[in-house]
Amino acid sequence: MELRWDAPVFHPWIPSKLPALPLLLLLMLPLCLFSPSHCFDLDPEDKASLLSFRSSVQDPGLSLATWFGSNCTNWTGISCENRTGRVISVNLANMNLSGKVHLGLCELSFLEYLKLSQNNFNGTIPKCFGSLGSLKTLDLSHNIFSGVLPDDIMRLRQLRELVLNGNRELGGVLPWWIGNFSSNLEKLDLGSNSFHGEMPDSLFYLKSLRHLDLGDNCLSGNIHEFYQSLEFLNLASNQLFGTLPCFSASTQSLTVLTLANNSLVGGIPTCIASLELLAHLNLSFNHLSYGLSPRLVFTEKLLVLDLSFNALSGPLPGKIAEATEKSGLVLLDLSYNQFSGKIPLKITELKSLQALFLSHNLLTGAIPASIGNLTYLQVIDLSHNSLSGSIPLDIVGCFQLLVLILNDNNLSGEIQPELDALDSLKILDVSHNKISGEIPLTLAGLKSLEIVDFSSNNLSGTLNDAITKWSNLKYLSLAQNKFSGNLPSWLFSFEAIQMIDFSGNKFSGFIPDGNFNISFRNNNGNIDREPKEPFIAMRNAEIKISAMVIDSKELSFNYMVSSTVGIDLSDNLLRGEIPDVLFQVEGLEYLNLSYNILDGQLPSLEKMQNLRVLDLSHNSLSGQIPGNISTLRNLILLNLSYNRFSGSIPVNQGYRRFPGAFAGNPDLCVESSGEGCDRASLPAVPGKTFEEVEGPILVWVFCISAFVSFYFGVVALFCSARARSYILQTKV
């Protein structure tokens, strides 16, 4: 936007004329000298057009309450040309305005800059915008506009920026004229809309174009070369196919290239590394294959390289980018590919690296000790490989580390006490390895921990008080290890905890009758989750980590943990009664205490309205089944089988919702209307009705009997000389 200001003209001061000046003009004289726009009124026609626009807009924040009087500078978001008072700029971005755009805006014939972004305007884009012949910038992004882009926009021959992204209902076929209506167009942003069809050829040849964002649409067709000097190109999340071009015309200009989430095939050509100014390269979620050439070495200007979710194979490149002490890669993501071999030492020379994702590959060997040289690292994810050896002690050199994810490898050894130096760590996951020993007391120093998963290892010993120092803990799993001893009294005292999983150990003694914290109690529950395997899926945490580079070299890290609020103490040696307070925790969604030696009676469950899974099977619980099971509307799985419950279960208390839930309780029966108590109707297998169990058995019996009959029939047949002779003659 260009605002034209005339320099104030100074005249000699004539004392004899001073009394003739009105007092108001005298007071305004300094304003006229230093800010000429204060001296000119808003053009009456433009004022009327703006007031018509305001009358049709919902403005809950009263952002346009300053639109009165005639002084242009008092009108929020409005700029005027100083000599004529004509409106040349309307900037109403992020003011929480809504409604349809009044056609009065189209009468601002001198308008050069129109920005209505980040509001809630709806309806179609007015066709009359095409009459704003002086318009250079049109920004309607992040609203609720719908329909198609009107062809009248092609009349805006002076337009330099057209920004319409973030209007999900705006779409249709990408207009044929979009690449040749303005020879001045520098920025075209139609991302996050619903455009479909192919990109018109004119778009590839528009010489003035520098910034092109068509990402997150439904565009199709073959991707090919662009013949202008682009600086920014985003075509991600479309349906484009073909092989990766070299973008040769942008060798000395392109800084951002994002082609993620398409259907690109073939390898990554080495010419991509010739893009001298490239800072962000994202080719993730495609079908790229083959290995990475040793000649594919990017410049030190590359900050982000994301090749994840492809089919790239072969060894990791020894050198993937140039690096200096102060510049080089900040984020490297090669996860979800088929890379094999060892982690090259050259990766640990990328001194500026802040996030390293190598998970879900076929990597082997040890984690390089020199990884500790990466002192800026905040995120390390090497999970789901075949890495071996121990966690290198040198990793404490990454003193800014927030996330350390090493699960599902073949790591062994013990957890080193020196890891307490990583005092900024929020997520620590070493599950599904072969790590042994005890949890060191020194880990009490990891006071920032929020997610801890030590499950499926060979860890042993008793629980020490180091864990109590993890006051921000949200998820803790020690499942499938060899821990023993009594459960500590502080077990349920963490204020932010969502899930505790100690299943599959050798814990003994009683379940602590402690204070179940506010996190369990106040959880609202997410009743939309319907896992297919409740006993497994509901107790696992899903962690989504997002890392992006902003402000040139600063990494922005965020994570979201999605976990059922629950407690799993199953498959241990716990005994005694279940504390009554446990059944008063209203926020609990998942409770599994199965396969222990628990006894006593089951109290009322009426307060556990968020409960979705309850498994108390294979214990020694006795007494009657609570009669309020049917009130637990969110309950999808109930298992009270193989206990010592007695009495009767009324049919109307939800028995039919949970077939097999009461099996293995010989003193328990099901009431049936008018026929008394029926013990025989209890299924033998929890979770299955009698018909569901009987069907597969009959099929297997039939198959086995048919096979045996056929086998003996063939043997008998070939034992007969006459039959054997007949068969041989027939085959000849």
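This is a predicted model: local features need pLDDT of at least 70, side-chain atom pairs count only at pLDDT 80 or more; totals for chains, interfaces and linings use all residues.
What percentage of the 732 residues in the protein is buried? The answer is 48%, where buried means under 20% relative accessible area, exposed means over 50%, and partly exposed lies in between, with a 1.4 Å probe and protein chains only.

Residues are numbered from 1 along each chain as its sequence is written, and side-chain values use heavy atoms, with hydrogens and water left out.

The protein has seven helices and 49 strands, taken as DSSP runs, with helices being H or I of at least four residues and strands E of at least two, numbered from the N terminus. If we take contact to mean heavy atoms within 4.5 Å, then of the contacts between residues at least 6 apart in sequence, 51% join residues at least 24 apart.

Let me turn to one residue, Glu161, which lies in strand β8, residues 161–163. Glu161 counts as partly exposed because its relative accessibility is 30%. Beyond its neighbours within four places in sequence, Glu161 touches Lys136, Thr137, Leu138, Leu185 and Lys187, and its C-alpha atom is 8.7 Å from that of Asn184, which is 23 residues away along the chain.

Finally, an unreviewed UniProt entry annotates residues 44–80 as "domain: Leucine-rich repeat-containing N-terminal plant-type", with the caution that annotations may be inferred rather than shown by experiment.
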